There are 2 protein chains.
Amino acid sequence: MKDTIDPTESLDRAIGVLRERGERVTTARRGVLAILASTTEHLSAERIYDEVVDRAPDVHRATVYRTLDSLVNVGVVAHVHLPHGPAAYHLLDSGARPHIHLVCRECKSVIDTSADLLDGAAASVLETIGFELDPDHVALTGWCAHCRSEARA
Amino acid sequence: MKDTIDPTESLDRAIGVLRERGERVTTARRGVLAILASTTEHLSAERIYDEVVDRAPDVHRATVYRTLDSLVNVGVVAHVHLPHGPAAYHLLDSGARPHIHLVCRECKSVIDTSADLLDGAAASVLETIGFELDPDHVALTGWCAHCRSEARA
DNA sequence: TTCGATGCAAATAGTTTGCATTCTA
DNA sequence: TAGAATGCAAACTATTTGCATCGAA
């Protein structure tokens with residue numbers, strides 16, 4: 001059982017999925033995926049653009065947005081809409097469990113927590129009003145442990 | 001026990017709070033509050049601006065944004081950041097319970113549900129990682145009953 | 001060789017800000 | 001009449017789109 005992720009492996013896997021689906025593998029797509037595979041962080045489109053441009057200066061910002069959109073549709077990338085600021089993208093690695101995003105209202109950091117956190121709420125809201133929760137696309141807000149202890153001090 | 005809300009009463013109450021806090025009661029503030037008091041819907045700043053301009057044509061869009069911000073700080077108005085589209089504002093009526101917002105990914109409609117929906121999740125996340133959930137500021141996404149049955153048909 | 005992906009420029013939505021002026025308290 | 005709130009213009013952030021061109025399959 002491994003608990004570290006190999007960037008190269010993640011990248012190859014994502015590109016493999018693209019090929020399986022008959023999607024084209026271009027410089028822009030490869031670049032975006034490489035950036036996403038290199039971190040477990042959640043990156044904004046702008047941030048991804050900055051990094052991709054370092055390697056491939058010709059890639060345009062609009063292409064990054066379109067690429068991200070395609071990758072989300074293909075299912076190798078997911079995005080979360082955070083309460084403030086831009087959408088955050090991350091690789092949907094098959095090795096990684098779906099997770100829920102917690103955003104600290106103070107330091108804006110994004111914390112991943114297990115997807116089953118909302119299982120109870122999902123069941124409840126489905127039963128009472130027929131609303132089907134999509135926990136993977138949800139961002140919750142509040143205050144992280146660090147900022148809470150800072151506030152106390 | 002009343003289950004309808006009197007717009008005039010809500011408006012007067014909100015304005016009362018402003019005065020209590022030593023906040024100024026201006027045409028713009030009165031206008032924004034009147035719109036918010038007239039509905040239980042969640043309105044975007046743009047929508048509020050449109051409605052306010054009908055009554056008070058001189059009120060500027062920027063003023064509506066600043067006014068909403070002030071009203072949020074005073075505590076008579078709350079806003080939620082929805083996954084797509086603009087922030088949604090609503091009156092924080094003392095008669096109204098705090099509630100959680102569900103957004104349908106299909107029809108974009110906003111559904112209120114009881115705040116205690118996330119009590120379990122809040123307790124869990126506080127205990128495990130020391131994160132303090134702020135359920136009033138949270139928007140959850142998914143598919144509403146109506147769109148789910150549409151999809152089936 | 002074809003059609004999807006890209007580069008570029010321009011537009012769009014949502015929101016914020018600096019500054020002079022107005023108006024509430 | 002002091003200073004907070006406003007009007008206006010302009011900037012800003014995040015994102016999208018039309019169109020001609022390019023390049024992966």
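**Exercise 1.** Which residues in helix 2 of chain B meet which residues in helix 3 of chain B?

*Solution.* The model is a predicted one.

Step 1. Take the side of helix 2 of chain B: B:Gly31, B:Val32, B:Ala34, B:Ile35 and B:Leu36 take part.

Step 2. Take the side of helix 3 of chain B: the partners there are B:Ile48, B:Glu51, B:Val52 and B:Arg55.

Step 3. Sort the contact by class: 6 residues are nonpolar, 1 is polar and 2 are charged.

**Exercise 2.** Describe how helix 2 and helix 3 of chain B cross.

*Solution.* Step 1. Two packed helices are described by the angle between their axes and the distance between the axes.

Step 1. Helix 2 of chain B covers residues 27–37 and helix 3 of chain B covers residues 45–55. Their axes come within 9 Å and cross at roughly 115 degrees.

Step 2. The crossing of these helices of chain B is right-handed.

**Exercise 3.** Describe the protein surface near DNA strand C.

*Solution.* Step 1. DNA strand C is surrounded by 21 residues, and the closest are A:Thr26, A:Arg29, A:Asp58, A:Thr63 and B:Val25.

Step 1. Of the atoms of DNA strand C that come within 4 Å of the protein, 63% belong to sugar and phosphate.

Step 2. Look at phosphate oxygens of DNA strand C. One is 2.5 Å from an N or O atom in the side chain of A:Thr26. Backbone N or O atoms also take part: that of A:His60 lies 3.0 Å from a phosphate oxygen, and that of B:Val25 lies 2.8 Å from one.

Step 3. Helix 2 (27–37) and helix 4 (61–74) of chain A, together with helix 4 (61–74) of chain B, are the elements that give two or more residues to this surface.

**Exercise 4.** How many residues surround DNA strand D, and which are the closest?

*Solution.* Step 1. The number is 21, and the closest are A:Arg24, B:Arg24, B:Thr26, B:Asp58 and B:Thr63.

Step 1. By class, the surface near DNA strand D has 8 nonpolar, 4 polar and 9 charged residues.

Notes
Residues numbered from 1 in each chain as written. Chains lettered and ligands numbered in written order. Predicted model: local features only at pLDDT ≥ 70, side-chain atom pairs only at ≥ 80, totals over all residues. Heavy atoms only, no water. Near = heavy atom within 4 Å. Polar contact = N/O pair within 3.5 Å; in protein donor to acceptor, adjacent residues only side chain to side chain. Helix = DSSP H or I, 4+ residues; strand = E, 2+ residues; numbered from the N terminus. Axes fitted to C-alpha atoms, helices over the stretch in contact; angles between N-to-C directions. Left-handed = near helix turned anticlockwise from the far one by under 90°. Contact = heavy atoms within 4.5 Å. Nonpolar A, V, L, I, M, F, W, Y, C, P; charged D, E, K, R; others polar.
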